[in-house]
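Here is a short note for a colleague who has not looked at this structure before. Please read it with the sequence and the structure open.

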Amino acid sequence: MTALTSALDYASISKYFIASFTRGHLLTTIYCSILVDKITARLRCWSSRALSYAARCILINSVLLSLHSYWANIFIIPKNVLMEITVVCRNYLWDGKPISTRTPMVSWEAICKPKCYGGLGIKDCYMWNIAAVGKYVWNIASKTDSLWLKWVSHVYLQGKDFWSYKPHKTASWTWKQICEVKDKLKGGYTGDIWSARALKGYSMGSGYTWLSQNQNKVIWQKWAWNRLNVPKHGFICWLAMSKRLRTKDRLYTYKICKDDTCPLCGQYCETADHLFFSCVYSLLCLEKIKYWISIGCKASGVNKIYRWLDKDQGIKFKKGVQIATITAAVYQIWLQRNSAVWNLQVQQPDLIVQRIKADVLCRVKQLVPMKISNSDRAWLASL
Ligand SMILES: [Zn+2]
């Protein structure tokens with residue numbers, strides 16, 4: 001086992017597969033608990049640090065799931081282990097700890113969607129495992145010349161067509177898993193998706209992308225995930241646009257609060273659209289920052305913002321700064337709304353606008369590329 005996990009070489013993979021085919025389910029849950037323990041140990045290190053949702057999301061994607069991806073490259077990971085990994089990551093995202101009873105604001109399935117489809121782009125363990133097993137399906141289908149592939153053809157296929165082949169009920173667990181994945185990816189393989197020259201055959205990344213497509217794209221993707229956004233602002237914006245923030249209209253539906261009145265104006269029902277784009281308090285803040293950042297549209301509703309987002313695609317830098325400013329405004333308005341609910345006090349719009357300007361300028365100056373035009377540089381300096 002140590003040798004298999006320490007080296008991702010073809011000989012080890014072949015050895016593992018021949019052993020798993022002949023002995024049945026070689027990689028048991030007990031072996032995989034090492035993987036879950038490693039992930040949990042890393043989370044315990046970080047749980048003492050006060051990280052924002054956005055930072056936790058980056059950690060989950062870059063470190064935790066890369067551990068899983070490495071293992072998925074070599075082994076077929078059992079479903080109950082994948083479930084454990086998912087629970088640990090989900091708890092860490094929403095509560096900063098590997099063990100938690102807190103109810104998540106968004107389902108894990110929605111979170112694992114790519115950003116263009118409204119998710120956070122966190123890798124889905126189940127789908128990644130399917131994509132990883134797809135590598136073996138590709139090898140069998142493309143008839144790569146190797147010892148274990150010849151062995152598989154001789155023992156199982158025996159001259160039968162691979163795509164219509166059904167494994168016998170006495171076949172090993174590993175072989176049944178490969179055949180199950182073969183059926184899931186059949187459309188891509190037989191549709192020549194991976195045979196196209198540009199893709200240079202199958203890869204786990206291309207398999208994962210193929211499995212995640214065919215969903216509805218969201219129109220606010222470039223808003224929430226604009227490069228110049230402060231990450232924690234982008235995260236709150238994502239929750240707001242997904243209608244998953246705990247605004248009073250939702251809490252009232254679940255009978256968690258007694259009324260659904262907006263805590264900032266005290267007049268209308270608190271929906272996400274009202275709170276950020278129609279409330280008198282928010283409009284005061286937005287008017288001031290629109291003037292500061294030269295945004296021409298009248299932000300009297302979320303739809304007007306969407307229309308403005310679609311305009312002027314060419315002016316990338318200026319538009320990026322403007323989007324970052326609107327995102328910062330959503331974040332600050334949400335903080336004021338929470339302060340109104342919990343502390344019964346709200347700060348003056350002028351103060352909020354100053355904070356938004358400071359946050360945006362600090363972020364943009366950190367990230368500003370050296371290649372921006374002189375006119376963009378002059379515009380930034382004038383802010
Ligand atoms: Zn209001």
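This is a predicted model: local features need pLDDT of at least 70, side-chain atom pairs count only at pLDDT 80 or more; totals for chains, interfaces and linings use all residues.

1. The zinc ion has four protein donors: Cys262 (SG), Cys265 (SG), His274 (NE2) and Cys279 (SG). These atoms lie 2.1 to 2.4 Å from the metal.

2. Which geometry does the site of the zinc ion have? The site is tetrahedral, and the angles among its 4 donor atoms run from 105 to 118 degrees. That assignment holds because four donors count as tetrahedral if all angles lie between 85 and 135 degrees. For reference, the ideal angle for four tetrahedral donors is 109.5 degrees.

3. Along the chain, the donors of the zinc ion are spaced as C-x2-C-x8-H-x4-C. Cys265 sits in the loop between helix H13 (248-253) and helix H14 (272-277), while Cys279 sits in the loop between H14 and helix H15 (280-293), so this pair ties together parts that are 14 residues apart in sequence. Cys265 and Cys279 are both buried.

4. Lys243 is worth checking by eye. Its phi is positive, near 60 degrees, in a residue other than glycine. Lys243 belongs to the loop between helix H12 (231-241) and H13. With 41% relative accessibility, Lys243 counts as partly exposed.

5. Lys255 also calls for a look at the backbone. Lys255 is not a glycine, yet has a positive phi of about 60 degrees. This residue is found in the loop between H13 and H14. Is Lys255 buried or exposed? Lys255 is exposed, with a relative accessible area of 74%.

Terms used: Residues are numbered from 1 along each chain as its sequence is written. Side-chain values use heavy atoms; hydrogens and water are left out. Donors are N, O and S atoms within 2.8 Å of the metal (3.2 Å for Na, K and Ca); water is not among the atoms, so sites may look incomplete. Four donors count as tetrahedral if all angles lie between 85 and 135 degrees; four count as square planar and six as octahedral if opposite donors are over 155 degrees apart and all others between 65 and 115; anything else is irregular. Helices (H or I, at least four residues) and strands (E, at least two) are DSSP runs, numbered from the N terminus. Buried means under 20% relative accessible area, exposed over 50%, partly exposed in between (1.4 Å probe, protein chains only).
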